[in-house]
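I opened the notebook to look up how the strands pair and where the nonpolar side chains gather. The entries follow the order in which I checked things.

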Amino acid sequence: VILPRQFVRVIRNMPQSISTEEAFNKAVTDSNVLLVHFTADWCEPCKELNNVLDEMKANEFSSVEFVTVDAEQVEAVAKKFDLESVPRILCFKKGEKKADIQGAKVPEIKSALQNLADVVYDESKPLDERLKALINRDPVMLFMKGIPSAPRCGFSRTMIEILNETSVAYSTFDILSNEEVRQGLKKFSDWPTYPQLYVKGELVGGLDIVKQMKESNELISTLKGE
C-alpha cells in the first residue's frame, strides 16, 4: 500500500509510545535531548498537544526525541514524578531532567526545547560565538533563573510579570540549566547579575533598568526595537 506523502511524514514523526518503566528509563538514558509527554486516552487537550508536538518534531526539533507515556498504564513512572494531572511535559538533557511543564503551554515547551537543543551546546564552536547566537535567537531574549511559569528567584519573577504586562512576545533561557552560559554571559555582556534582557542582540539591562523604562513609558517601544 502506498500512502500519501503527508501521511508518511506524520507516521515517521509520531512520538514513540512508552509502555514500561524499563523503556522509559532507557529512553532517558539513550537520548541526548528527550521530551516526554504524559497523557491519557480520555484527555482531549493531550490529543491536541500531540498534534502540536508532531509538527514541532517535523519542522523545528528533528534532533529531539519525543515520547508519550500513558500515565494510567505506567504508574511507576507517574508516581516517580508525582504526576497529578495531564498533559504534563518533562524535558531531559543527557539523562538529567531540565524542564517540567504542567499543561499544554506550547510557548514554554518551545522555549525549553530551544534551550536544550540550542547552538549553545555545540562545543565545537567558541563560547562567545555560541553566546552571540543565543542572544540573537529571538528579537526579545530574557536570561532568567527558572522558566516563566516557575521562576526560581524573586527578580526573575518580577521581570516576567513586567514583560507579560506589555503583551510583547519574548523568549527565555534558564541560566540554571547551563553553568557555562550562566558564567560566560556575565563576562560577554559585562553584566554580573541576572535576569538580563536583550533586544535584537543588544543588552537592555537588568530588573532595575526595566523598571525605570516601565515608569518612563519607554519599555514597550524598546521591546519592539523602535
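Entry 1. I began with strand 6 and found that 4 bridges join it to strand 9 (residues 171-174), the two running parallel. I noted that this is a predicted model. In strand 9, Asp174 is the bridge partner of Met144.

Entry 2. I then looked up the pairing of strand 6 with strand 10 (residues 196-199). These two run antiparallel and are joined by 4 bridges. Here Val140 has Val199 in strand 10 as its bridge partner.

Entry 3. Is strand 6 enclosed or open? I found that 5 of the 5 residues of strand 6 (residues 140-144) are buried, so the strand is largely enclosed by the rest of the structure. I also checked which way the residues point. Val140, Leu142 and Met144 point one way from the strand, Met141 and Phe143 point the other way, and all are buried.

Entry 4. I moved to strand 3 and found it mostly covered, with 5 of its 6 residues buried. I looked up its pairing with strand 1 (residues 16-18): 3 bridges join them, and they run parallel. Ile18 stands opposite Val69 in strand 3.

Entry 5. Strand 2 is also joined to strand 3, by 6 bridges, and this pair runs parallel. I wrote down that Phe38 has Val69 in strand 3 as its bridge partner. How does the chain get from strand 2 to strand 3, and with which hand? I followed it through helix 3 (residues 44-59), and this β-α-β crossover is right-handed.

Entry 6. In soluble globular proteins, nonpolar side chains tend to be buried together. The largest nonpolar core has 21 residues, and those with the most contacts inside it are Phe24, Val36, Phe38, Val86 and Phe92. I checked which elements contribute to this core: helix 2 (21-30), strand 2 (33-39), strand 3 (65-70), helix 4 (75-80) and strand 4 (88-93) each supply at least two of its residues.

Entry 7. Last, I asked what Val86 touches, not counting residues up to four places away in sequence. I found Phe38, Thr39, Ala40, Trp42, Cys43, Cys46, Ala71 and Gln102.

Conventions: Residues are numbered from 1 along each chain as its sequence is written. This is a predicted model: local features need pLDDT of at least 70, side-chain atom pairs count only at pLDDT 80 or more; totals for chains, interfaces and linings use all residues. Side-chain values use heavy atoms; hydrogens and water are left out. A nonpolar core is a set of buried Ala, Val, Leu, Ile, Met, Phe, Trp, Tyr and Cys residues joined through side-chain atoms within 4.5 Å. Buried means under 20% relative accessible area, exposed over 50%, partly exposed in between (1.4 Å probe, protein chains only). Contact means heavy atoms within 4.5 Å. Two strands pair if DSSP finds at least two bridges between them. A crossover is right-handed if, with the strands pointing away from the viewer, the path from the first strand over the helix to the second runs clockwise.
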